Amino acid sequence: MSTQETTTDTITAPRTRWAAIIWGVLFAGIAAGSLWLIADDDRRAGVTDWVTTLTPATITTLAILGVGVLLLVAGAAGLVRRAQHRAPAAPAPAVPAPAPAPGAPAPTHSPFAAE
C-alpha cells in the first residue's frame, strides 16, 4: 500500500549568501591592491625596500593586525548571517504557468496530478 503525504510547506526564495559576498570583496580588494603594487617598477622597488627594512616588532605588529582584520571580517559576516536568519523569509515569487500556443488543444491532464 502506498500512502500519499500532503505537505503545506511554502517555497521560499533562496537567501543571499552575504558571508561569501563579504569575503569575496575582501579578497578582491587584496588582489586589486597587489596588482596595483606589482604593475609599476617604482612601486615594486618601494615595497621591496620597505619589506627589507622591517624589524621583528613591526612584523609581529603587522601579523597581529592581519589576524585582527580577518577576525573583524569573520565577525561582520557572522552578524549579517545572524540578522538574515532572524529576519522572516520572503516567499518565492509565483511563477505563472506558460500560456498554451495559439490553436493548441487545452491540456486535459496535468503531469503533476496524483495518479
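Tutor: Before we start, a nonpolar patch here is made of residues with over 30% relative accessible area and no salt bridge, with nonpolar side chains joined within 5 Å. Also keep in mind that this is a predicted model.

Student: Okay, which residues make the nonpolar surface patch?

Tutor: L35, W36, L37, I38, V47, W50, V51, L62, L65 and V69 make it, and the patch covers about 930 Å². Helices α1 (18-38), α2 (41-52) and α3 each give two or more residues to it.

Student: Which element gives the most?

Tutor: That's α1, with 4 residues.

Student: Where do R44 and D41 lie?

Tutor: Both are in helix α2, 3 residues apart, which is about one turn of the helix. As a general point, side chains of opposite charge can pair when their charged atoms come close.

Student: And is D41 buried or exposed?

Tutor: D41 is exposed, at 52% relative accessible area. R44 is partly exposed, at 38%.

Student: Last one, Q84. Buried or exposed?

Tutor: Q84 is buried, because its relative accessible area of 17% is under the 20% cut-off. You'll find Q84 in helix α3 (residues 56-86).

Student: What does Q84 touch?

Tutor: Leaving out residues up to four places away in sequence, Q84 touches R15, T16 and W18.

Terms used:
Residues numbered from 1 in each chain as written. Predicted model: local features only at pLDDT ≥ 70, side-chain atom pairs only at ≥ 80, totals over all residues. Heavy atoms only, no water. Buried < 20%, exposed > 50% of the residue type's maximum accessible area, 1.4 Å probe, protein only. Contact = heavy atoms within 4.5 Å. Patch = residues over 30% accessible without salt bridge, like charges linked within 9 Å, V, L, I, M, F, W, Y side chains within 5 Å. Areas by Shrake-Rupley, 256 points an atom, 1.4 Å probe, with all protein chains shown as cover. Salt bridge = Lys/Arg side-chain N within 4 Å of Asp/Glu carboxyl O.
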